[in-house]
Amino acid sequence: MKLYALSGDPAKPCYVLSISDLLIMLDCGLSVSSVLNFLPLPLVQSAKFQSLLSWNCRDPEIQLEDGEIKECCGCSFVNSAPEFIPPLDKVINFSEIDVILISNYTNMMALPFITEGTGFTGTVYATEPTLQIGRFFLEELVEYIEASPKENTARVWKDIQHLLPPPLNDVFKPKNWRHLFSMDAVNKSLARVQMTGYDQKLDIFGALQVTPVSSGFCLGSSNWIINSGQEKISYISGSSTLTTHPRPINQSALKYSDVVIMTGLTQAPHVNPDGMLGELCMNVVMTLRNGGSVLIPCYPSGVVYDLFECLSSSLDNQGFSQIPMFFISPVADSSLAYSNILAEWLSTSKQNKVYIPDEPFPHGSLVKNAKLKHFKHIYSEGFSTEFRQPCVVFCGHPSLRFGDAVHFVELWGSNPQHTIIFTEPDFPYLQALAPYQPLAIKTVYCPIETSLNFQQANKLIKELKPGVLVIPENYTQPPPIAPHKTDLVIDQTPDKMIIKFKRGEVIKLPLKRKRSRIYLDPQIARSLVPHEVQPGVTISSVTGVLHVKDNIHDLHPLEPTPEELEEQKSAKTAKLQPPSHNRYRNVKYEWGSLDVNLFLKKLAQDGITDIKVEQGGVDEITLHLASEDTMIKVSEKNTSIVCGGKQSLRLKLRDLLLQCVQNF
């Protein structure tokens, strides 16, 4: 069994597992960090970005396209449509992938890169919320990029990367970056997805059984169990043991796996999400009290639901119940509506509200009471009429490179009364703000990440008791954001076998298939005659034809030969009992160890007496027949007779030897 690591970001995983002659892709996360190296895409032309100075190479022989690289406050940015980091496509051929298992909607953003234009013909499995909310994420991303198209496409800078100013001179392999796919590619890739439910056992070509189980991270998020009948592999990605709105994690299903592949741990291990939520509410209240407004760059689903709930309660308690909250996204209305019809995927407390009946999320009542107002864009009909300050605005994109957030940063950036609060840990907030500098707006970093931290992960691993733990190499070193915190790693102890991997590696996993299941035809099963070879051990010989199709092994009876069919026909004509033709009835099956003394006695009876017996290793005996120039070597696993081409002697010795072992 092998694991191919196609992603270098554990938070956006993409791996391929080779098992039982099948290739199974585990997630297809898309790394978006590369967009921070590009200038933002404003909805209308920005005087600030247009006025930035262009960088030119000192080498007169190297000519960049006009304005290809822009500089702002000591940082350089590419003035072009943003590009993304897809999973590696050189390690494995995507057309050979049999199955893709998606663990949650944040880990399916690269799906169109995998399935479209690659020859992919496999099947994609995901839960219903993963598919639907993943669609929201993909549609929003594509619409953001297409809403502000760039006339120029920068190309030359990748060829002279080593000459560029920071941070472009340090980016990793920009030639592998790609422009975003189209909406048509999104629709075609999502059409390949087959929806599944928790604990549903899915047959994969008869060789494997895969089962999604709740991971507790977000709506519909799953961990996957891959079972071959004898071996159990668990893929843990984006899991949480916290009590939030999704259904809790199913730990018991993951126990005692032969191999556990763990990824998707928190990107903010140094902070507590509850503490960050409290700090966010406090900063919002302080800003509103000073007459300012708050911008919260966010994704269209996930933690934003909890922010609506927590922040609305906090504003009510602080006397700011009349302050409006705006949720702006191309999929805002779909996301809010869909989240309230997912009862089976919610925690028990949220499910109970459905049966009262009541809406599981408070944003339903917030919308009805006009406390939360949602729009597709800032230029949507009615927004300019409803918009008033002070307010709280939730909009995308968290990278601040595209979407309506770009407009609000430019609108409020020069006013210190306003605040921008970063809650998504995917992007370093200082890098996100770099092209807008200098800024006067107050900035607050409150990363709210509910996936497992290292303490929770170590506790979970201890409870699951895996045979082998497979983790990204990053998890064995303190994170760059807190290099002094040596406890923010996965524990490595002598009693635990851990295999580490990094981007582009192909690693062998110590799991070899030893047995396969065979289904007996009823006729063969009825003919079995068990023999007890020792107390408690019963065996029987089986003869038949093995049929293998879709990795299912069936043993069928032997078809009678033409001669046997003729005999049966003749007996039937003569009204006699048809002969029972079992060509293997008289075959004997030997077992056990050789009775050396009996063998020597039979050799002596046959006139062979000049024998030298040597004891080799454990259960190994060598007999030298000097007069016959012959050697017989008997071990636990095999027997060899070397007699210098004397075929008649070899056959005689073989027959004598078989008489000295047990048989049935």
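**Notes on the model**

1. Helix 13, packing. The buried residues of helix 13 pack against strand 15 (232–237), strand 16 (259–263) and strand 23 (468–472). Contact here means heavy atoms within 4.5 Å; helices (H or I, at least four residues) and strands (E, at least two) are DSSP runs, numbered from the N terminus. Which residues of helix 13 are buried? In this helix, residues 454–464, they are Phe454, Ala457, Asn458, Leu460, Ile461 and Leu464. Looking down the axis of helix 13, these fall within an arc of 160°, so they line one face of the helix. That arc is taken over the directions from the helix axis to the C-beta atoms. The face turned away from the buried side carries the exposed residues Gln455, Lys459 and Lys462. For the cut-offs, buried is under 20% relative accessible area, exposed over 50%, and partly exposed in between (1.4 Å probe, protein chains only).

2. What we are looking at. This is a predicted model, where local features need pLDDT of at least 70 and side-chain atom pairs count only at pLDDT 80 or more, while totals for chains, interfaces and linings use all residues. Residues are numbered from 1 along each chain as its sequence is written, and side-chain values use heavy atoms, with hydrogens and water left out. The mean pLDDT (the predictor's confidence in each residue, from 0 to 100) is 87 for the protein, with 92% of its residues at 70 or more. Confidence is lowest in helix 8 (residues 348–354), at a mean of 58, and highest in strand 8 (residues 99–101), at 98.

3. Helix 16. In helix 16 (residues 596–605), Val596, Phe599 and Leu603 are buried. They fall within an arc of 60° seen down the axis of helix 16, so they line one face of the helix. An α-helix has 3.6 residues a turn, so residues three or four places apart point the same way. On the other side of helix 16, Asn597, Lys601 and Gln605 are exposed. The partners of the buried residues of helix 16 are strand 32 (611–615), strand 33 (621–625), strand 34 (630–634) and helix 17 (647–658). Just after helix 16, Gly607 has a positive phi of about 90°.

4. Cavities. How many cavities of 30 Å³ or more does the structure hold? There are three. On a 1 Å grid over the protein atoms alone, a cavity is a set of points where a 1.4 Å probe fits but cannot get out, and a pocket is an open set with protein on both sides within 12 Å along at least five of seven lines; lining residues have an atom within 4 Å of a point. Grid points are joined across faces, edges and corners, and a volume is the space filled by probe spheres set on the points. The largest cavity has a volume of about 520 Å³. Its lining has 35 residues, with Thr106, Phe217, Tyr299, Glu424 and Asp426 nearest the centre. Helix 3 (128–147) and helix 6 (303–317) each supply at least two lining residues; the largest share, three residues, comes from helix 3.

5. The largest pocket. About 1,500 Å³ of space lies in the largest pocket. It is lined by 49 residues, and Gly8, Asp9, Ser33, Asp426 and Pro480 are the closest to its centre. Strand 6 (75–78) and helix 12 (429–433) each give at least two residues to this lining.

6. Backbone spots to check. Most residues other than glycine have a negative phi, and most peptide bonds are trans. Cys73, in the loop between strand 5 (69–72) and strand 6, has a positive phi of about 50° although it is not a glycine. Cys73 is also exposed, with a relative accessible area of 54%. Phi of Lys173 is near 45°, and Lys173 lies in the loop between helix 3 and strand 10 (178–179). A cis peptide bond joins Gly396 and His397, with omega about 10°. The bond from Gln437 to Pro438 is cis, with omega near 0°; Pro438 sits in the loop between helix 12 and strand 22 (442–445).
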